[in-house]
Amino acid sequence: MSQTSGGRLSWQLYPDVGVTAIYGHGPRLVAVAVDPWCGPLVRLGDVELIARVPSEVRADVRGLARRAGVSVRSNWSGDPEVAAWGLSMGAAQDWGSPSEELTRKDRMVTDALLVGPELAEDPYATAPVIGWYDVREARPNPGTSPLPPKERPHWAWTPSAGVGPLRFGMTVNQVSAALGREAPAVRRGWNLWAGRGAGTWDLREEQFDGAGVTAHYWSPEGPPTLAAVTVDGRTGPQVDWDGIELIGRPVSEVDAEVIRHIEERGLEWVVHCDGGPGPDELNMYVRATRTGDNVVSGGRFFAPDWEDRG
């Protein structure tokens with residue numbers, strides 16, 4: 001897999017060795033991303049960087065940096081970044097060894113972005129890297145402790161109609177009113193360009209940190225209306241499906257319970273964009289939320305015919 005921009009190679013994935021090469025002008029190699037599942041086990045000094053527990057790598061990198069007299073900061077994902085070494089750590093959900101049956105695990109494992117000196121001060125804000133992975137569209141690591149079950153409100157889910165107080169087809173103002181007039185912490189969208197004019201900004205989603213949900217909108221025939229709701233596994237409300245608590249639990253347990261229940265009911269199950277299972281035609285699937293070194297379950301509930309974008 002690769003991508004070009006303006007006829008020039010921007011990045012190239014090498015799946016057999018688990019790395020992505022990112023190119024600047026020339027094309028000239030300026031960064032290498034190492035994945036945690038089949039990438040090489042990169043070592044910095046005496047620290048193994050890849051496929052480890054994130055908090056352990058953070059401690060080891062900080063110790064190494066202290067001995068070397070260089071500074072460490074946290075990057076967009078809350079993982080360590082060392083400009084002096086061109087190192088920006090990250091983490092991804094563990095899916096097990098490539099030699100095993102791939103299933104979602106309840107833990108995170110480390111990956112890394114290694115860059116040249118010209119990108120080291122802010123790797124993810126630079127044009128070559130942002131063309132490969134635009135972190136402006138990613139949610140920062142929100143923390144380590146999921147909300148206890150007793151502190152979560154319970155929302156009812158009606159397949160294809162809505163979840164909790166949110167009903168598909170609501171306007172932006174109606175969504176805000178249903179959530180107690182909470183202001184969104186983040187609004188995301190894109191510009192729709194008309195020829196060479198300035199274009200219009202099209203709202204795609206609003207993130208409500210107080211409620212622990214993200215509202216996703218579409219605009220098939222006019223102003224944006226609610227098309228989907230993502231419930232955050234760390235802070236969102238509890239949602240049940242036939243007695244299965246979907247939110248805030250070990251994701252492997254919820255995956256297994258959902259698949260078993262689907263099969264017991266004689267339904268079909270499908271795997272969605274991030275690997276989460278859900279019942280076909282009920283428009284729901286299990287998502288995963290990082291909580292430090294671990295992963296807990298979230299959920300996405302959506303209207304019929306909505307195109308899920310991840």
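Helices here are DSSP runs of H or I with at least four residues, numbered from the N terminus. By that rule, alanine 178 belongs to helix 3, which covers residues 172-178. The model is predicted. Across the whole structure, a search returns 16 salt bridges. Side chains of opposite charge can pair when their charged atoms come close.

**Glutamate 121 and arginine 73**
- Glutamate 121 and arginine 73 form a salt bridge through their side chains, with an N to O distance of 3.9 Å.
- Glutamate 121 sits in the loop between strand 10 (108-115) and helix 2 (127-132), and arginine 73 in strand 7 (residues 73-74), so the bridge ties together parts that are 48 residues apart in sequence.
- The 3.9 Å distance counts because the cut-off for a salt bridge is within 4 Å.
- Glutamate 121 has a relative accessible area of 58% and is exposed.
- Arginine 73 is partly exposed, at 29% relative accessibility.

**Arginine 187 and glutamate 206**
- A salt bridge joins the side chains of arginine 187 and glutamate 206 at 2.8 Å, N to O.
- Arginine 187 is in strand 15 (residues 186-192) and glutamate 206 is in strand 16 (residues 200-208), so this pair ties together parts that are 19 residues apart in sequence.
- Arginine 187 is partly exposed, with 44% relative accessibility.
- Glutamate 206 is buried, at 3% relative accessible area.

**Glutamate 257 and arginine 249**
- The closest N and O atoms of glutamate 257 and arginine 249 are 2.7 Å apart, and the two residues form a salt bridge.
- Glutamate 257 is partly exposed, with a relative accessible area of 23%.
- Arginine 249 is at 15% relative accessibility, so it counts as buried, the cut-off being under 20%.

**A linked network**
- Salt bridges also link Arg52, Glu56 and Asp60 in a network.

**Alanine 178 and its surroundings**
- Alanine 178 is partly exposed, at 27% relative accessibility.
- Leaving aside residues up to four places away in sequence, alanine 178 touches Pro165, Leu166 and Met170.
- Glutamine 238 is 60 residues from alanine 178 in sequence. In space, the C-alpha to C-alpha distance between alanine 178 and glutamine 238 is 17 Å.

Key
Residues are numbered from 1 along each chain as its sequence is written. This is a predicted model: local features need pLDDT of at least 70, side-chain atom pairs count only at pLDDT 80 or more; totals for chains, interfaces and linings use all residues. Side-chain values use heavy atoms; hydrogens and water are left out. Helices (H or I, at least four residues) and strands (E, at least two) are DSSP runs, numbered from the N terminus. Buried means under 20% relative accessible area, exposed over 50%, partly exposed in between (1.4 Å probe, protein chains only). Contact means heavy atoms within 4.5 Å.
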